[in-house]
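Subject: Structure handover and notes

Hello,

Please find the structure below, followed by notes on what was found in it. Please read them with the model open.

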Amino acid sequence: SPRFRASRRLEGRARLVWVGIGLVELSWAAANVVWAWYELVLHEDVPTPSAADWLYSAALLIGLTAVAAGLLPLIHGRSGALRALLDVVLVGGALLFVSWSVVLAAMLADDRANVVQTITWLYPALGVTASTVALTTMTRVPARSRLPWLLVGAGFLVGAGADTVWAYANVTGGFAAGGMLDPFWIAAYGT
């Protein structure tokens with residue numbers, strides 16, 4: 001993974017952050033192997049939840065942890081902590097509101113949705129949160145270091161958008177693998 005190669009040139013917390021982003025890719029790849037096993041070998045619909053869901057969730061949690069590890073050393077004092085918290089809450093809250101109003105509210109209100117299916121809303125929520133923290137970090141690093149953070153934040157945001165569409169389709173029974181949504185996940189984890 002390019003993230004692991006990049007981490008070799010770094011030290012300390014920066015190395016930890018990029019190793020974490022590399023682990024996100026590995027977890028995502030393992031989840032896709034599980035998904036492919038169900039679809040291509042067993043010729044079955046992937047159940048929700050499945051081992052793939054645990055691995056996708058792990059990827060997002062690792063990603064959130066990695067980007068938070070990148071942000072924490074950039075916060076100086078109480079006012080800096082308050083500013084970072086407000087940035088994350090305001091931007092993340094706005095993105096979650098858009099996701100909620102466009103897709104998630106209708107999905108969770110649907111009588112056909114059960115508890116297991118509605119857990120899928122965690123994917124877009126975690127993705128939006130990781131994106132917001134990465135973009136908040138981007139605003140606090142030197143100019144020469146902003147592009148990688150922009151790409152990580154954009155990747156999580158694209159993934160959150162795809163996850164929102166998938167979550168809705170998962171509940172309404174309209175998701176089919178191999179559709180127009182798949183390239184967005186490749187873009188999300190490829191950035």
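Aspartate 45 sits in the loop between α2 and α3; helices here are DSSP runs of H or I with at least four residues, strands are runs of E with at least two, and both are numbered from the N terminus. With a relative accessibility of 68%, aspartate 45 counts as exposed. The terms follow relative accessible area: buried is under 20%, exposed is over 50% and partly exposed is in between, using a 1.4 Å probe and protein chains only. The C-alpha atom of aspartate 45 is 9.4 Å from that of alanine 177, and 132 residues separate the two along the chain.

This is a predicted model, in which local features need pLDDT of at least 70 and side-chain atom pairs count only at pLDDT 80 or more, while totals for chains, interfaces and linings use all residues. Residues are numbered from 1 along each chain as its sequence is written, and side-chain values use heavy atoms, with hydrogens and water left out.

The side chain of serine 50 reaches the backbone nitrogen of alanine 52 at 3.1 Å. A polar contact of this kind is a pair of N or O atoms within 3.5 Å; within protein, one must be able to donate a hydrogen and the other to accept it, and residues adjacent in sequence count only if both atoms are side-chain atoms.

On the chain as a whole: the protein chain has eight helices and zero strands. Of its 191 residues, 40% are buried. Taking contacts between residues at least 6 apart in sequence, 68% join residues at least 24 apart, where contact means heavy atoms within 4.5 Å.

Next, the helix packing. Axes are lines fitted to C-alpha atoms, for helices over the stretch in contact, and angles run from 0 to 180 degrees between N-to-C directions. Angles under 35 degrees count as roughly parallel, over 145 as roughly antiparallel, 65 to 115 as roughly perpendicular and the rest as oblique.

- α2 and α3 pack at about 165° with axes 8 Å apart, and are therefore roughly antiparallel to each other. Their crossing is left-handed, a term for a near helix turned anticlockwise from the far one by less than a right angle, with clockwise being right-handed.
- α3 and α6 have axes 9 Å apart and an angle of about 20°, which makes α3 roughly parallel to α6. This crossing, of α3 and α6, is left-handed. Among the residues in the contact are Tyr56, Leu60, Leu64 and Val67 of α3 and Tyr123, Leu126, Ala130 and Ala134 of α6.
- α2 and α8 cross at roughly 150°, and their axes come within 10 Å; that makes α2 roughly antiparallel to α8. Here Val24, Glu25 and Trp28 in α2 meet Trp185, Ile186 and Tyr189 in α8.

The largest nonpolar core has 36 residues, and those with the most contacts inside it are Tyr56, Val67, Trp149, Val152, Trp166 and Tyr189. Such a core is a set of buried Ala, Val, Leu, Ile, Met, Phe, Trp, Tyr and Cys residues joined through side-chain atoms within 4.5 Å. The elements that give two or more residues to this core are α2 (12-41), α3 (51-71), α6 (122-138), α7 (146-172) and α8 (182-190). The largest share, nine residues, comes from α3. Leaving out residues up to four places away in sequence, valine 152 touches Trp18, Ile21, Val67 and Ala134.

- Serine 131 lies in helix α6 and counts as buried at 0% relative accessibility.
- Alanine 188 lies in helix α8 and is buried, with a relative accessible area of 9%.

Regards
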